[in-house]
Amino acid sequence: MTARESPATALDAAIERVVGDLTVLHHDHLSGLLPPERAALAAAHRDLATAEGAIAYHRNALMRLSSGSYPVDAPLLDRLRRTVHDLAQATAARDRLQDGVAAALEEVKAAAPADEELTPRDFAALLSLAGGGTMREHLLTHRVSVRTVQGRPIELPAFQRLEAHGLVTRDTSRALTVGQPVTLTDTGRTALLGTRRPPAMATPAPARPAGAWPTPARHH
């Protein structure tokens, strides 16, 4: 079940501000592409969406029973009491799960600065993707891979680190099975330029005034 197919939750906007599109989050979770903190958030959000669905079901049942379509008698009052009880239980369960999602979201935020530093191999992958690339899911095996425009494969963990650091982005409006174009972000281009800076020139020794005695050579 994706976020767009499930009922909206009160935390959807807050989650998307941190991790991006919820549909992509849930798809990547099912594909096993997420780091532990984001996987926990996706699972918690899925459960919260299910709880919101239960609330909607019981609320609709209560509205139907109180719509005036049924005679007011003892059986109706009994059904109303049961439905109100079920709605209260579903709301309490939703509130507990919402607290869990909020905690999972904080874990994702806390983990962001602590992500492992980029390695030289990661920067090599960034350089390879400078001209663009594609992330694609195989239709049969559901294996996800990333390749440059020249067809060179990029290690998925390296790509995930680049993506987590905001150095690359992919067009999530396209399906993974079709292929999501990958490009460098402004931050990625800046980081790439930083790796290409020439080494600093050695500071020249100060010139000796004319007529000064030569500096004696040091003996080791």
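Which residues does Thr 83 touch, not counting residues up to four places away in sequence? I found His 58, Ala 61, Leu 62 and Leu 65, where contact means heavy atoms within 4.5 Å.

**Entry 1: ground rules**

I am working on a predicted model, in which local features need pLDDT of at least 70 and side-chain atom pairs count only at pLDDT 80 or more, while totals for chains, interfaces and linings use all residues. Residues are numbered from 1 along each chain as its sequence is written, and side-chain values use heavy atoms, with hydrogens and water left out.

**Entry 2: Thr 83 and His 58**

I placed Thr 83 in helix α4 and His 58 in helix α3 (residues 36–65). Helices here are DSSP runs of H or I with at least four residues, strands are runs of E with at least two, and both are numbered from the N terminus. I then checked burial, for which buried means under 20% relative accessible area, exposed over 50%, and partly exposed in between, with a 1.4 Å probe and protein chains only. Thr 83 has a relative accessible area of 10%, so it is buried. His 58 also counts as buried, because its relative accessibility is 17%. Seen from His 58, and leaving aside neighbours within four places in sequence, the contacts are Thr 83, Asp 86, Leu 87 and Ala 90.

**Entry 3: the whole chain**

I counted 7 helices and 5 strands. Along the sequence the pattern reads α-α-α-α-α-β-β-β-α-β-β-α. The chain has 220 residues, of which 31% count as buried. Among contacts with a separation of 6 or more, 55% come from residues 24 or more positions apart.

**Entry 4: α1 against α4**

I looked up the axes of helix α1 (residues 12–19) and helix α4 (residues 74–111), which come within 11 Å and cross at roughly 15°. Axes are lines fitted to C-alpha atoms, for helices over the stretch in contact, and angles run from 0 to 180 degrees between N-to-C directions. Angles under 35 degrees count as roughly parallel, over 145 as roughly antiparallel, 65 to 115 as roughly perpendicular, and the rest as oblique. α1 and α4 are therefore roughly parallel to each other. Their crossing is left-handed, meaning that the near helix is turned anticlockwise from the far one by less than a right angle; clockwise would be right-handed.

From α1, Ala 14, Ile 15, Val 18 and Val 19 meet Val 101, Leu 105, Val 108 and Lys 109 of α4. By class I noted 7 nonpolar, no polar and 1 charged residue in this contact. Nonpolar covers Ala, Val, Leu, Ile, Met, Phe, Trp, Tyr, Cys and Pro; charged covers Asp, Glu, Lys and Arg; the others, Gly among them, are polar.

**Entry 5: the sheet**

What is the order of the strands in the open sheet? I read β3-β2-β1-β5-β4, 5 strands with antiparallel pairing; two strands pair if DSSP finds at least two bridges between them. β3 (153–154) and β4 are the edge strands, each pairing on one side only. Helix α6 (residues 156–164) packs on this sheet and touches β1, β2, β3, β4 and β5, its direction making about 100° with that of β4.

I followed β1 (residues 133–137) residue by residue. β1 is joined to β2 (residues 144–148) by 5 bridges, antiparallel, and to β5 by 3 bridges in the antiparallel sense. Met 135 has Val 146 as its bridge partner in β2 and stands opposite Gln 180 in β5. The β1 and β2 hairpin has 6 residues between the strands, and His 142 there takes a positive phi near 60°.

**Entry 6: Leu 176**

Is Leu 176 buried or exposed? Leu 176 is buried, because its relative accessible area is 6%. I located Leu 176 in the loop between β4 (168–170) and β5 (180–184). Not counting residues up to four places away in sequence, Leu 176 touches His 27, Asp 28, Met 135, Arg 136, Glu 137 and Arg 170.

**Entry 7: α5 against α6**

Helix α5 (residues 120–128) packs against α6 at an angle of about 80°, with the axes 9 Å apart. The two helices are therefore roughly perpendicular to each other.
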